[in-house]
Amino acid sequence: MNSEDNKGPESQDINLLIGTGGSRAILFGTGVLLALAQANFRQFRSITGVSGGSIPAALICANPDVTQLLMQVLDTDFNKLVTRRVSLVTFLTQALREPKDVDPPPLVGALDANLMGQYFDDRIKEWPGLFCTVALSHQRKVIFTKDGIWQEQEDGKLLKAAQKPIAIGMAVRATCAVPILLDPVAWKSDSGEEHLLIDGGLGPEGRCPISVPQALFPMENSYLIVVNVGEDKSPLHQLIDKVYGIISHDRESLRMDGIVLPDNHDRIVISPPAPLYGSFKFSMTRREKWQMIMSGYMSAIEALEKHGLLSNEALSQARSIGVKALLLLAGRHRPYFKDMLPAELDGLFTDLKFAEEKLGKSATVTSVSQPLAESSPAR
């Protein structure tokens with residue numbers, strides 16, 4: 001399905017950042033990767049995933065087969081990747097009655113994410129070269145890469161706190177650890193300093209911390225593609241906002257205060273045109289998953305066309321497949337009450353993968369002598 005006649009700016013590399021958003025980030029991000037697989041660019045320099053965005057990011061870094069990624073997220077019951085201790089509503093109601101600090105976070109949340117960690121450890125034995133993710137310790141970034149772990153200091157500079165990466169499942173659990181909901185992840189640096197890590201999207205930069213790839217990977221002559229699913233306005237998330245103040249202020253998800261990017265780079269933001277399902281909607285039908293995936297796919301097609309990364313026959317083919325998928329999703333099929341999807345839907349995106357030269361090279365972490373961006377306080 002990749003087309004050689006798509007003559008986009010093939011001299012440009014891509015740094016990809018998939019921001020936070022729970023199940024929304026997983027599915028919307030998968031749709032963006034489907035679209036990227038049809039675009040003409042030289043190669044990835046890095047793929048950063050934050051919180052829920054770390055899930056498709058880690059999976060595609062480990063295996064460039066995008067069709068397989070699509071089937072994985074469609075077939076995986078996200079609800080079974082966490083163990084519920086009590087219902088979320090019950091737990092949050094109790095938290096409202098008895099408020100707890102989130103810094104340091106409570107050691108036990110409503111959900112146990114050990115199964116999610118095991119899911120990744122079973123599938124990814126070695127840290128993928130292009131993959132990067134981030135968690136927080138006392139509102140300072142802890143960044144996980146193949147080349148080790150970097151810790152943000154009080155002055156904003158990065159210090160290498162561990163020479164080797166941790167298990168991929170532990171890193172994914174850490175970047176997804178929303179306080180009160182999911183257990184924090186205990187981590188100890190090489191110097192013996194102990195930390196409780198929480199969700200990487202809860203810092204002052206918000207859902208899409210651009211400073212992370214900007215600090216570690218070269219931006220010159222590249223596209224920085226940012227996948228931003230936006231604010232979650234679902235009732236459950238609004239209740240979570242009321243429980244603790246760390247995310248009660250809507251953060252600008254692309255805050256750039258103090259971040260200096262080279263002139264010869266281009267930033268592409270891919271966002272949904274309309275609100276998606278809630279971030280913590282883990283139990284989803286196949287139809288609901290397809291709807292969110294296609295939202296990411298069609299949003300990405302539009303953005304890639306605008307920036308010249310998708311054109312000619314490849315653009316026409318990508319749009320045609322997207323429209324066909326949307327029409328199949330819009331129809332109802334017998335037996336009506338079972339809401340069955342047409343069989344041809346699963347066959348639309350076949351043999352779609354990134355070429356070895358685009359995803360096969362290990363990223364080289366650059367010098368981090370420059371400080372991370374100084375971010376404004378959350379508003």
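Buried here means under 20% relative accessible area, with exposed over 50% and partly exposed in between (1.4 Å probe, protein chains only). This is a predicted model, where local features need pLDDT of at least 70, side-chain atom pairs count only at pLDDT 80 or more, and totals for chains, interfaces and linings use all residues. Residues are numbered from 1 along each chain as its sequence is written, and side-chain values use heavy atoms, leaving out hydrogens and water.

**View 1. Serine 279 sits in the loop between strand S12 (265-270) and H9.** Helices (H or I, at least four residues) and strands (E, at least two) are DSSP runs, numbered from the N terminus. With a relative accessible area of 4%, serine 279 is buried. Leaving aside neighbours within four places in sequence, serine 279 is in contact (heavy atoms within 4.5 Å) with Gly21, Gly22, Ser23, Arg24 and Asp232. A polar atom of the serine 279 side chain lies 3.3 Å from the backbone oxygen of glycine 21.

**View 2. Helix H9 covers residues 286-306.** Of its 21 residues, 15 are buried, so H9 is largely enclosed by the rest of the structure. Just past H9, glycine 308 takes a positive phi of about 75°.

**View 3. Helix H1 (residues 22-36) crosses helix H2 (residues 54-62) at roughly 40°.** Their axes, lines fitted to C-alpha atoms over the stretch in contact, with angles running from 0 to 180 degrees between N-to-C directions, come within 8 Å. On the H1 side, Ala25, Ile26, Thr30 and Leu33 meet Ile55, Pro56 and Ile60 of H2.

Notes. The expected span of a helix is 1.5 Å times one less than its number of residues. A polar contact is a pair of N or O atoms within 3.5 Å; within protein, one must be able to donate a hydrogen and the other to accept it, and residues adjacent in sequence count only if both atoms are side-chain atoms.
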